[in-house]
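Here is a short briefing on one protein chain. Look at the structure first, then read on.

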Amino acid sequence: MGALIATMVLLVTGWLDAGHTGFVVATTAYTVGSLAGGAVNRLLVSRVGRVRAVLLAGSAQIGALVVMGTVRSLLALVAAMALFGLMGMVWNVNTTTLMQQRSPADMLGRVSSAFRTLGVAGAPVGALLGGAVATAWGLNTPALLAAAFFTLSVASLIPAFKRDVPVVAPQDSATTAHVTR
């Protein structure tokens, strides 16, 4: 993501030659898609399940990234950005929920901290890598690089389909207490 974010303005204004207005339209599409993803997440999870929703979101994001890096059209980029935002929200909400559900209660703070640190720490490295890749192979290459890394991320989640990975029951009164009215 760091590679993509750091070079998105170059992709839109340079590779697509869509100017600043094109960049604003593309980032707005991403924002609208993200809001829509938050709105449809619950429905999607209720229909396909949380793990399948994550795998679907990751797969759709891979497709969107490939479109961003291969199709030289602002309209295609805007559609891809909207899909990327929508499925990014589904991915973020559900991977965090799965991490919380599958972590032992006494380890949840440490697992959450490591989860967040690894998620955020890669962005600056990705930004540097994205700049180097864009310089060496073209302004569209960071999107394709991001697609490759997303493919690895989705593939690494396939073991989550195993039924022997338990959901850990909370062991504290804050999450198990019943409210009486």
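Helices are DSSP runs of H or I with at least four residues, strands are runs of E with at least two, and both are numbered from the N terminus. By that count, the protein chain has 7 helices and 0 strands. Keep in mind that this is a predicted model.

**Overall build**

- Read from the N terminus, the elements of the protein chain go α-α-α-α-α-α-α.
- The protein chain has 181 residues, and 33% of them are buried.
- Take the contacts between residues at least 6 apart in sequence: 76% of these join residues at least 24 apart.

**The largest pocket**

- The volume of the largest pocket is about 1,100 Å³.
- The lining of the largest pocket consists of 35 residues. Nearest its centre lie Met1, Trp91, Asn92, Gly119 and Phe150.
- Which helices each supply at least two residues of this lining? They are helix H1 (2-15), helix H2 (19-48), helix H4 (74-101), helix H5 (108-137) and H6.
- H5 gives the most to the lining, with 11 residues.

- Is Val32 buried or exposed? Val32 has a relative accessible area of 52%, so it counts as exposed, because the cut-off for exposed is over 50%.
- Ser34 has a relative accessibility of 11%, so it counts as buried. The cut-off for buried is under 20%.
- Val32 and Leu86 are 54 residues apart along the chain, yet their C-alpha atoms are separated by 7.8 Å.
- Leu86 also turns up among the contacts of Ser34. Setting aside neighbours within four places in sequence, Ser34 is in contact with Gly85, Leu86 and Met89.

- Leu129, Phe149 and Leu152 make a nonpolar surface patch of about 300 Å².
- Phe149 is found in helix H6, which covers residues 141-156.
- Phe149 has 46% relative accessibility, so it counts as partly exposed. Partly exposed is the class between buried, under 20%, and exposed, over 50%.

Notes. Residues numbered from 1 in each chain as written. Predicted model: local features only at pLDDT ≥ 70, side-chain atom pairs only at ≥ 80, totals over all residues. Heavy atoms only, no water. Patch = residues over 30% accessible without salt bridge, like charges linked within 9 Å, V, L, I, M, F, W, Y side chains within 5 Å. Areas by Shrake-Rupley, 256 points an atom, 1.4 Å probe, with all protein chains shown as cover. Salt bridge = Lys/Arg side-chain N within 4 Å of Asp/Glu carboxyl O. Buried < 20%, exposed > 50% of the residue type's maximum accessible area, 1.4 Å probe, protein only. Contact = heavy atoms within 4.5 Å. 1 Å grid on protein atoms, 1.4 Å probe; cavity = no way out; pocket = protein on both sides within 12 Å on 5 of 7 lines; lining within 4 Å. Points joined across faces, edges and corners; volume = space filled by probe spheres on them.
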